[in-house]
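Here is a short briefing for a first look at this structure. Keep the sequence and the 3D view side by side as you read.

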Amino acid sequence: MADRNLETENPLLAPTGLPDFAAIRPEHIVPAVKQIVSHATQRLAEIEQHLAPTWEGSLGQLEKLDPPFEYGWKPVGHLFGVLNSDELRTAYETILPEVVQFGLRASQSEPIYKCLKELRSSDEWSRLSEAQQRIITDRIKGAELSGIALEGQQRERFNAIEQELSQLSTDFSNHVLDATKAYSLDITNPVDTEGWPQTLRNLAAKAWNSAHTESEKPATPAEGPWRITLEPPLFSPFMEHCRNRELREQLYRAFVTRASAGELNNDPLITRILSLRKEKAKLLGYRNYAEISLARKMAPSVDAIRQMFKDLRTAAWDAAVQDLEDIKKLRETRGETSPLQVWDVAFWAERLREERYAYTDDELRPYFPFEKVLDGLFQLLGRLFEVSIHRQTDVSVWHPDVRFYRVHNASGDHVASFYLDAFSRPENKRGGAWMDDCLGRRKTGDQVQLPVAHLVCNQTPPHGDTPSLMSFREVETLFHEMGHGLQHMLTKVDYADCAGINGIEWDAVELPSQFMENWCYHRPTLMGLTGHYQTGAPLPDTLFEKVRAAKNYRAGSMTLRQLLFGMTDIELHTEFDPNGSESVHELNRRLSQQTSVLPLLPEDRSLCSFQHIFSGGYAAGYYSYKWAEILSADAFSAFEEAGLDDPATILETGRRFRDTVLSLGGSRHPMDVFRAFRGREPQVAALLRHSGLGPKA
C-alpha cells in the first residue's frame, strides 16, 4: 500500500503545470522514472507497429513520448546540479542506466529509421516546412550516430559503450564536486588578510562558520577565522588579493590538481572516456570522435577550427606577451626580484589593473546590488525585445533563494517563464553558471506549452544585512545566461525538437549569450544597472570610464587561455592516443607552448576538472565559444551601426534580432538565421575590434 501511495502522490509523475520542486525527494526518483521508462517502452513498441511515412504518422507520434520525461526525468537532472546529496546521487545513478537504455532503444529503432528515410524520399517531403525537414534530417543523423547501422556484436558493444560513458560522465562530475568540497584553507592570522576586499572577508568568515556550526565563537569578517575554498566566489578574489605568496601557491596548486589523486582521481576516467569515444567513432565509421561531434555542428571541418585557432592566436600572441611584460615591470618597481610564477599572475594583474585604471572590484560592488542589476537587465530586455518580466512568489522551488518570473510580450501575453538560482551554495550546487530548459515550447492540438528556463549562477550571496553585491564579472555572467534563456523563451517554433535552443548546431548556441555581455559596456545600460546599496547613487562617471577603458585589459592573455582549452579538446579527440606514451597532461603542456607565455606548472592537472568536455556537452566542441563569439560580436556591431543611443533604431534592430536569432530556434540553419538578421555572413573583424586585438575602426 505504501508503494502505491508513493506512486499516486509522486510529484515526478505530474503530467502538467510546473514541477513541484519543493516536494521532490530522492525516494521519488527510482519508482517514478521506472514507471515512465516502462510506459514509454510499451508506447514506443505500439508506435512502431503503426508508423506511416508522413509527419503525423511518424514524428507526430514520437513527440508524445517526450512530456513524461520532461516532467519526471529533467527535474532529477536539474536537482543533481543544484541540490546534490548522497541520497539523490544514489537514486540518480540507480535509474540512469534504464534511461540511457531507453534512449538507445528509441534512437536505434529500425522501423522509425526506415520510415523517416522513406518520408525524406517521398513526395510528402516537399510539403513539409523547413523546420519539419530539419527535425527529420537530424533524427536520421542522430540514429546513424547512435549505431542504427550496427548489428550483432557491434550493436551490443556500441550500447555498452554508451552506458559506460554515461556513468563515467556522472562519476567525473561527482569527483570534481567532491574534490572541490573536500579542500579548504583556514586563515587564522589577520596579517594574512591585509589587502582583502570586504566581500572576500564576509564570504570567508561565512564559509568558516558553515563548516563549524558547533563553534561557541563564530567567525567575524573583521577578526576571523576565515576559510577559503576552491569555489570561484572565494578562490578568484583570494588569488587576486592575498599578499601572502605561499598561501597563493598552496591554493593554486590545490585548484589545478583537483580530482587528480586518491579515490576522486579523474585521470583513469579521462583515459577510459577518450578510449571509449575513440572506439565509438571507429564503430560508426569515423576517423575520430571530433568527426562525430562536427557531424551536427556548424563548423565544416576540424581544419576550419584549427584555422580559426591559428588566426586568433596570431592576433593575440603579441598582446599576451606584452601583458606579461607589463606585470613583470610592475613587480620590479615594487621590489619583487623572485621569478614570476603562475600563482603570482592573478595577484599582480589585479595590482596593474588597479594602477592603470585606478579602481578595484570592491569599489564597484556596492554599486551593483543584485536587485538593481536585475531591474536594469529587465528594463534593457524591454527596450530591446519588447518584453516585460514579473516575479511570481507562489511557485514551488528547490531552495528559498530561488525566484520565479513570468515573461510577457508587448501585448501583455504570457509567453514564457524562468527560475533564477543566483547564489553560490558550495555544499550542494556545482560551480559555474548555466541555462537549462525546464519545459520546452511545444504545440499539442490547439494547446501550446510555454517554455520555462532554469538560469543558474554562482554569484556572491547576501551576508547578514548586506545584500548580494555583484562583481562586474558576475554581472556579465548573469547577462550571458539570460541570453541563453531568451533564445529558449522567445522562440516562436511549435515543434519541440527545434524550439528554443533545441536543434541549433552547438557551435552557434553561444551567440545570444555572448551578445548580451556586450551591453554591460553600453553606458546607459550599465548606469541603469547601478545604484549604491546604501545611498542609491549611480556609478560615478569616472568609475564607468575606467570600467570601459579596462574592458580589453589582458584580452590577449584571455584569448590564448580559451584557445588552449579549445586546442587541447580538439587534439584529445583527433590525434591523441589514450593508450600511447604521451599523457593527456603532457599533451596539454605541449600545446600550451603555443598559447601560454608563462609555462604551465609541471604538476598542473586541470584536465581532471575540465567538466565541459568530460561531463558536459562540449566534447570536441569547446571551440564553440570562440566560433560563436565571432557571430555574437558581428551581431552586436549591427546595433552599433544602427546607433546605440537611438531608441527607435535600437528597437527596430532588437525586433529583427528577436524575430530571427531568438525566435527561429533550430528551425533553420544558423548561417541562414544569421544572414536573415545581418544581411550577410559573419566577419571576424568585429570580434578583433571589440577585443582590442584588431583595427579600431
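Predicted model: local features only at pLDDT ≥ 70, side-chain atom pairs only at ≥ 80, totals over all residues.

**Helix lengths and burial**

- Helix α12 covers residues 245-256, and at 1.5 Å a residue its twelve residues should span 16 Å. The end C-alpha atoms of α12 are 16 Å apart, which agrees.
- Helix α19 runs over residues 472-489 and has 18 residues. From its first C-alpha to its last, α19 reaches 25 Å, close to the 26 Å expected at 1.5 Å a residue.
- α19 is also mostly covered, with 17 of its 18 residues buried.

**The pair α27 and α28**

- Two packed helices are described by the angle between their axes and the distance between the axes.
- Helix α27 spans residues 647-662, and helix α28 spans residues 670-678. Their axes come within 9 Å and cross at roughly 165 degrees.
- An angle over 145 degrees counts as roughly antiparallel. The two helices, α27 and α28, are therefore roughly antiparallel to each other.
- The crossing of α27 past α28 is right-handed.
- On the α27 side, the contact uses T653, R656, F657, T660 and V661. These meet V673, A676 and F677 in α28.
- By type, the residues of this contact of α27 with α28 divide into five nonpolar, two polar and one charged.

**Backbone points to check**

- A cis peptide bond joins G224 and P225, with omega at about -5 degrees. P225 sits in the loop between α10 (198-211) and β2 (226-228).
- E386 is not a glycine, yet its phi is positive, near 55 degrees. E386 belongs to the loop between α18 (370-385) and β3 (388-391).
- A620 is likewise not a glycine and has a positive phi of about 55 degrees. The loop that holds A620 lies between α25 (611-614) and α26 (624-642).

**Buried or partly exposed?**

- How does E386 count at 22% relative accessibility? Buried means under 20%, so E386 counts as partly exposed.
- A620 has a relative accessible area of 0% and is therefore buried.

Notes: Residues numbered from 1 in each chain as written. Heavy atoms only, no water. Axes fitted to C-alpha atoms, helices over the stretch in contact; angles between N-to-C directions. Helix = DSSP H or I, 4+ residues; strand = E, 2+ residues; numbered from the N terminus. Parallel < 35°, antiparallel > 145°, perpendicular 65-115°, else oblique. Left-handed = near helix turned anticlockwise from the far one by under 90°. Contact = heavy atoms within 4.5 Å. Nonpolar A, V, L, I, M, F, W, Y, C, P; charged D, E, K, R; others polar. Expected span 1.5 Å × (residues − 1). Buried < 20%, exposed > 50% of the residue type's maximum accessible area, 1.4 Å probe, protein only.
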